Amino acid sequence: MSSPLITINLVVLNGERYIRHFLDSLEKQTYPHDKIQFNVLDNGSTDDTKEIIKEWQSFDKLRMPKFTFVESKVNLGMWPGQEELLKHTDGEYVVASAVDIILDKDFVKNSVEIMEKD
């Protein structure tokens, strides 16, 4: 199986309650981390979302080397936020995500296998 670069784009607004769960599930992916690009756009959160992301970013640099954090002062909305993140996207495949999900540990690996077969 080839290992193309996969981009996961996350747009979040006031996701303090969920962001750690999402980030933990991203960190547990069985797909090679050097083949995962993670872009996150904060949509003007007023809770601790930005601080949690920055803490994870500084702690996790070596395990997820392709990591971009974009801060917006205003809420662009989910899809305009995703469009903004596409400017930072290099992956062959793109996952547009919201903060209130938990990725199965094999989500990226299984998705790539399916996409590469078809």
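Begin by selecting helix α3, whose buried residues pack against β1 (6–12), β2, β3 (66–71) and β4 (93–98), where packing rests on contact, meaning heavy atoms within 4.5 Å. What you have open is a predicted model, in which local features need pLDDT of at least 70 and side-chain atom pairs count only at pLDDT 80 or more, while totals for chains, interfaces and linings use all residues. Residues are numbered from 1 along each chain as its sequence is written, and side-chain values use heavy atoms, with hydrogens and water left out.

Within α3 (residues 78–86), pick out G81, Q82 and L85, which are buried; buried means under 20% relative accessible area, exposed over 50%, and partly exposed in between, with a 1.4 Å probe and protein chains only. These three cover an arc of only 100 degrees around the axis, which puts them on the same side of α3, the arc being that of the directions from the helix axis to the C-beta atoms. Now turn to the other side of α3, where W79 and E83 are exposed. An α-helix has 3.6 residues a turn, so residues three or four places apart point the same way.

Next, select the buried residues of α1, namely I19, F22, L23, S25 and L26. They cover an arc of only 160 degrees around the axis, and therefore lie on the same side of α1.

From α1, move to Q29, which is found in the loop between α1 (19–27) and β2 (36–42). Q29 is buried, with a relative accessible area of 5%. Display its side chain and you will find that it reaches the backbone oxygen of S25 at 3.0 Å. Not counting residues up to four places away in sequence, Q29 touches I36, L103, D104, K105, D106, F107 and V108.

Finally, show the whole protein chain, which has four helices and four strands; helices (H or I, at least four residues) and strands (E, at least two) are DSSP runs, numbered from the N terminus. From the N terminus on, the elements run β-α-β-α-β-α-β-α. The radius of gyration of the protein chain, taken over C-alpha atoms, is 14 Å, close to the 13 Å that the globule rule (2.2 Å times the number of residues to the power 0.38) gives for 118 residues, so the chain is as compact as a globular protein of that length. Along its principal axes the C-alpha trace spans about 40 × 25 × 20 Å, and of the 118 residues, 44% count as buried.

Note on methods:
A polar contact is a pair of N or O atoms within 3.5 Å; within protein, one must be able to donate a hydrogen and the other to accept it, and residues adjacent in sequence count only if both atoms are side-chain atoms.
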